[in-house]
Amino acid sequence: MKNSLLYLLFLTTVFFSCENKDDTVFEESADVRLNAALASYEKQLVEAPYGWNAIIYPGGGGSYGFYFKFDDKNRVTMYSDFSDAAAAKSKESSYRLKAMQTPSLIFDTYSYLHVLADPDEEVNNGVRGEGLKSDFEFSIYSDSVKTDVITLVGRKNQSRLVLTKATQAQATAYTNGDLAKALLFNNIAKYIPYFKRVTLGANTYEITVNQDTRTIKMTWLNGNVPKTFSTSYYMTPGGVAFTSALVNGSQTITGFSNITWNANSTQLGVSGGGASGVVVSAIKPISVDLAAARRWWQAPVESGGDWRSENGFHVNGVDDAFKVKDLKYNNLSYAFYMYAPAFNSRYDAFAPIFYDEDGIYLEYGHAPAKPTFTADGRVVFTEFGAFGDIPVGGAAEKSGALLFDTSGFYLIQTSDETYDMVSAKDAKSWITWE
Amino acid sequence: MKILFRHFANYLFAALLFSTTLTSCKEEDIGNVDDISGLGGEDWVAGPIDKWIQDSLVVPYNISAKYKWDQFEFGNLTKNLVPPDESQVIPLLSTIKKAWTNPYVEEAGKVFYNKYSPKFFILSGSNEYNSEGSVTLGTAEGGRKVILYGVNLFKIKGMAGYDAAKDSSFVKDWFLHTIHHEFGHILHQTVLYPVEYKNISKSYYQGGNWINWSDADARRDGFITAYSSSAFDEDFVEMIAMMLTEGKAGFEKLVNSIPEGTSSHGVTKAQAQAALRQKEAIIVAYYKNTWKIDFYSLQKRVRTSMNKLF
C-alpha cells in the first residue's frame, strides 16, 4: 500500500512535467490586458469633451474642489479652490498613466494638486515635512471606473480623488472665473463677531466655518430643541458644495450658491435650501450649550492636563491681538498660553509658558479663583492672585484684563478636544483652547 | 525491507530522468513575449523641456535629467516630496550647465568631462525634511546619479520674486556646492589625492560630531566647513566645492576671517591658516598632475559664470 502511493506520486510528477501548455483563464496575457487597461483609462480621461470636475479628500482631512482637462499629449490643465489665484487662472502641467502594482494616474510635474501635498508647510499651512498629507499618484481600480465617475485612491497618503465628467456649462463657468466668485465665501472670516447667522426661508441657522479643516457647522432651533449639522465643504463654480446635505424638515441644503460679498458693509450673501439670505453677526450663540463651560473646566481636572493656546486672544478681527507669540523671558522663548483648572486646591493658572532645550517654565501669570458658572451657560473669572511679576503693559497683563471681564465667556466646543472661549460682552474677542 | 528500498531508489532515478527528459524537450521556444508596459523606459509626448534636455545634455554630454515624478528614484520612500514645477527645470539645469559643465569642458575638454561626469540627475520640487529638523540638499549614488532637492525654491536673476541677498547664496550653497562636491568625489575615487593631504589636519577629524559645529569653529581648526571635519574625503571635496563656488577672492576672505587666539582643540590662527593653504596647494597640484587642469583658471571660469547668474 505504501509503495503504490509512492509510485503514484512519481507518476504525477511525470505527468505534470509533461504538461507544459500555456492555457490561462484569460484569453490574453497579463501584459496585453494591462496595456489595454492603461490605454482605455487614458482614452476615457482624454475623451471627456468638457473635462472633469474633481474633489480630493486628502489623507490629512478636508475636501478641495478641482477641475481637470486632460489632452492626448500627456498635458493637463486645472483650476483649484485652494487659493484665489488658483481659482481664477488655470495652470498647465503633465500627467501620465503607468503600470505600477496597479494601473496608476500620476500628475508628474508640479500643479495646483501638488500644493496640497507639498511638504513645505509655508505653501499650504500644513505640517512641516507632510503638508496636508495629500497625493498626486493614484491607483486606478477597475471597479471604481464608471462612465461618468472615476474614483481613485492616493498611493502614499490614501487620499480619495473623485472625478465626475463635467458639462459644457461647467467647463465654461471655470474658464469664466466663476470658481473665484465662489471663493468670496472665504470672506466670512472677516466678520468681527464670533457668531454668524443666516435666515433661509423660515429657518435661521448659525454658521460656524473652519477654513483650515474645510468644515461647516450649522446650528438651528427646532422649537426649543437645538439641532446641529456638520459637513465638509469644497468650492465649485456654482458656490459652496457640502459633501453631505442638511435636511431640516422640508428644507434641504446641499450648499450655498449666488455668493456675494460687499466689502464696504462686510456683508456676505448666500442662497441655499430654496431661499436667499444675508449673513449677519450675533453676540451670543443661537443656542447656548449650558453645560459646556463646566465641561471645559472639568476635562483637564479629570485627565490631569491643561488647556493650551498658541495664539492667545483674537480681538476685533486681529489674531494674537496682544502679541503673546513675541513674548520672551531672559533666554527663554514663548511656547504657549496655558489655562490650568485647579492648578492647586485654591486657584487656577492662566499664564504664558516659556521653554528652552531643558523644559518648559511658568515664570509669571495670573491665578484666577475657581470660576463661577452662571445659569445661562457663561463662565466668569475673578482674580485670586498672581505668579511672579507680570510685566506692566505687556501681553500677559492685557490677556489677564480681558479674562477677568465681568461679562464672562461662552465656551463653544469645536471638536472632541478643542473649545473656543468667546467673550459674552460683544463676541468680538475669543481664544482657542486645545 | 532492503529490497523495497532498492526498488524505491531505482524508481526515483527513473522518474527523475523521465520527467527531466520530457520537460527539456518541450523548451524549444520561450513563447510569446508581449509588449511589457514600461520595459525600456517610460515614454510620454515630448515637450519643450524634453527637447532642451535632449539637445543640451543628452546629445553633447550623455547626461539625462529626470524631472517627471518617479518615487522610486528617491532613496527614502517614506518621505513626502513633490515633483518640480516645469518652469523651474530649464533655469536650474542651465545654471548647473553654466557653472559646472562649461567650466570643466572649457578647461579639461569634453572627453574628460563626458568620461567622469555623473549621468543621471533626478529633480525633486521640494526639500526632503528629516525628522531631526534638518533638510537634505542633495545626494549622490555611486558617481552615477545625483538627486537635487528644492528645485521649486530655486531662483536666479530674471525670475519673478528674485531676491539677490537671499537667493544668490541659496543657489550657490545649495545646488552648485552640491554638484561640485559630488563631482570632487568622483575625481578622487578615480585617482586618489596624495596621501600627505590626510596628514595636514589628521588629529582634528571628528566624524559624525561635525553637525554640532559651526563653519566658523571648523575654520579655526583648519577646515573650510564643519562638514569638512567629518572625514578625509569630505574635507577634500568640500575644499574643492568651496574654492570653486567662492572664487579665489572669496576663499581668501574665508581664510583671513579666522580670528586670533587658539581654537578649543588648541590650534592657533597661523596653524589653521597654514593648514588651509597646504590643502589648497595639494588640490591645485592634484588637478594639474592628475587631470592636467589649471585649477585657478577653472576657478575663475566658475566664478565668472556665477556672477552672470546672480
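Reader: In what order do the four strands of the open sheet in chain B stand?
Author: Residues are numbered from 1 along each chain as its sequence is written, while chains are lettered from A and ligands numbered from 1 in the order in which they are written. This is a predicted model, in which local features need pLDDT of at least 70, side-chain atom pairs count only at pLDDT 80 or more, and totals for chains, interfaces and linings use all residues. Strands (E, at least two residues) and helices (H or I, at least four residues) are DSSP runs numbered from the N terminus, and two strands pair if DSSP finds at least two bridges between them. The pairing in this sheet is mixed, and the order of its strands is β1-β2-β6-β5.

Reader: Which strands of chain B stand at the edges?
Author: An edge strand of this sheet has a single partner strand, so one side of it is left without a neighbour in the sheet. In chain B this applies to β1 (64-66) and β5 (138-141).

Reader: What is the average twist from one strand to the next?
Author: Axes are lines fitted to C-alpha atoms, for helices over the stretch in contact, and angles run from 0 to 180 degrees between N-to-C directions. From each strand of the sheet to the next, the twist averages 15°.

Reader: Which residue is the bridge partner of Lys66(B) in β2(B)?
Author: β1(B) and strand β2 (residues 120-123) of chain B run parallel and are joined by three bridges. Within β2(B), Lys66(B) is partnered by Ile122(B).

Reader: Is Lys145(B) buried, exposed or partly exposed?
Author: Lys145(B) belongs to strand β6 (residues 145-148) of chain B. A residue is buried if 20 or more other C-beta atoms, placed from the backbone, lie within 10 Å of its own, exposed if 12 or fewer do, and partly exposed in between. Because Lys145(B) has 16 other C-beta atoms within 10 Å, it is partly exposed.

Reader: Which residues does Lys145(B) touch, not counting residues up to four places away in sequence?
Author: Two residues are in contact if their C-beta atoms, placed from the backbone, lie within 7 Å. On that basis, the residues touched by Lys145(B), leaving out those up to four places away in sequence, are Pro118(B), Phe120(B), Ile122(B) and Ala140(B).

Reader: At what angle to β6(B) does helix α5 of chain B run?
Author: Helix α5 comprises residues 164-190 of chain B and lies across β5 and β6 of that chain. Its angle to β6(B) is about 160°.

Reader: How are α8(B) and α10(B) oriented to each other?
Author: Two packed helices are described by the angle between their axes and the distance between the axes. Helix α8 (residues 232-256) and helix α10 (residues 295-309) of chain B have axes 8 Å apart and pack at an angle of about 90°. Angles under 35 degrees count as roughly parallel, over 145 as roughly antiparallel, 65 to 115 as roughly perpendicular and the rest as oblique. The relation of α8(B) to α10(B) is therefore roughly perpendicular.

Reader: How do the residues of the contact of α8(B) with α10(B) divide into nonpolar, polar and charged?
Author: Ala, Val, Leu, Ile, Met, Phe, Trp, Tyr, Cys and Pro count as nonpolar, Asp, Glu, Lys and Arg as charged, and the others, Gly among them, as polar. Met243(B), Leu244(B), Thr245(B), Gly247(B) and Lys248(B) in α8(B) meet Tyr296(B), Leu298(B), Gln299(B), Val302(B) and Arg303(B) in α10(B). The residues of this contact divide into five nonpolar, three polar and two charged.

Reader: Which residue stands opposite Trp52(A) in β2(A)?
Author: Strand β1 (residues 52-57) of chain A has five of its six residues buried, and five bridges join it in the antiparallel sense to strand β2 (residues 64-70). The two strands form a hairpin with six residues between them, and Gly61(A) in its turn has a positive phi of about 105°. In β2(A), the residue opposite Trp52(A) is Phe68(A).

Reader: Which residue of β9(A) is the bridge partner of Ile55(A)?
Author: β1(A) also runs antiparallel to strand β9 (residues 160-165) of chain A, and six bridges join them. In β9(A), Ile55(A) is partnered by Val162(A).

Reader: Which element gives the most to the side of domain 1 of chain A that touches domain 2 of chain A?
Author: An automatic or database domain assignment supplies the domain bounds, and it divides chain A into domain 1 (30-169), domain 2 (180-282) and domain 3 (292-433). Domain 1 and domain 2 of chain A have C-alpha centres 28 Å apart, and each gives 12 residues to their contact. On the side of domain 1 that touches domain 2, β1, β2 and α3 (84-88) of chain A each supply at least two residues. With three residues, the element that gives the most to this side is α3(A).
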